Amino acid sequence: VRSLTLSATTSGRFKGEYSKFITTEVPANSDLWLRDGDILVQRGNTIEYVGVAAVYRGELNCFVYPDLMMKLRVSAAFDVGYVHLAMSHFASRDFLRARASGTSGSMPKINQATLKSLPLPIPPLAEQRRIVVKVDKLMAIVDELERLIEESRTAAASLLDAIISELTSRN
């Protein structure tokens, strides 16, 4: 059974490569298995990451989640992507951090009651979907810009190496 580690959701995006195999038997009908559209919330982590949410997009019965995460299944009356965006907003993150218990320790935690009390602005479903489409388009642009920046850095490093090599070979 593949069980997620906290790193699978720390970035706010689901990353299944951050999982480990465990020998525990998990029945196929267990609520521990993730379903497409489940929102995972970090129940315990450092104060910076407690309450971070990520959406699972994938097959049924591929991953289970650890006890340091909570799983939310959103009603069809809401857009999962919108709920994730609202939970990721700085006001939501601040709300959850302020209510984490054990904040002086290295692993503060939030509980189900705290998560249930999180106020989220909920516009009509059509508006939720419009917002998600717009944010997805903007994030695609950001991802492309990050890729281009990385390419530029790589090219600059190669050029610098070539210049240094040329200058040192002349001596």
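**Layout and cores of the predicted chain**

Read from the N terminus, the protein chain runs β-β-β-β-β-β-α-α-α-α, where helices (H or I, at least four residues) and strands (E, at least two) are DSSP runs numbered from that end. That makes 4 helices and 6 strands. The radius of gyration, taken over C-alpha atoms, is 21 Å, well over the 16 Å of the globule rule for 171 residues, so the chain is more spread out than a compact globule. The rule itself is 2.2 Å times the number of residues to the power 0.38.

This is a predicted model: local features need pLDDT of at least 70 and side-chain atom pairs pLDDT 80 or more, while totals for chains, interfaces and linings use all residues. Residues are numbered from 1 along each chain as its sequence is written, and side-chain values use heavy atoms, with hydrogens and water left out.

What about the inside? Buried residues (under 20% relative accessible area, 1.4 Å probe, protein chains only) make up 32% of the 171. The largest nonpolar core has 15 residues, with Ile39, Val41, Met87, Leu96, Ile110 and Leu115 making the most contacts inside it. Such a core is a set of buried Ala, Val, Leu, Ile, Met, Phe, Trp, Tyr and Cys residues joined through side-chain atoms within 4.5 Å. Strand 3 (39-42), strand 4 (53-55), helix 1 (80-88) and helix 2 (90-98) each supply at least two of its residues, and helix 1 gives the most, with 3. Beyond its neighbours within four places in sequence, Ile39 is in contact (heavy atoms within 4.5 Å) with residues including Ala53, Val55, Leu72, Val83 and Met87. A second, separate core of 10 residues includes Leu6, Tyr56, Phe63 and Met69.

Conventions: Buried < 20%, exposed > 50% of the residue type's maximum accessible area, 1.4 Å probe, protein only.
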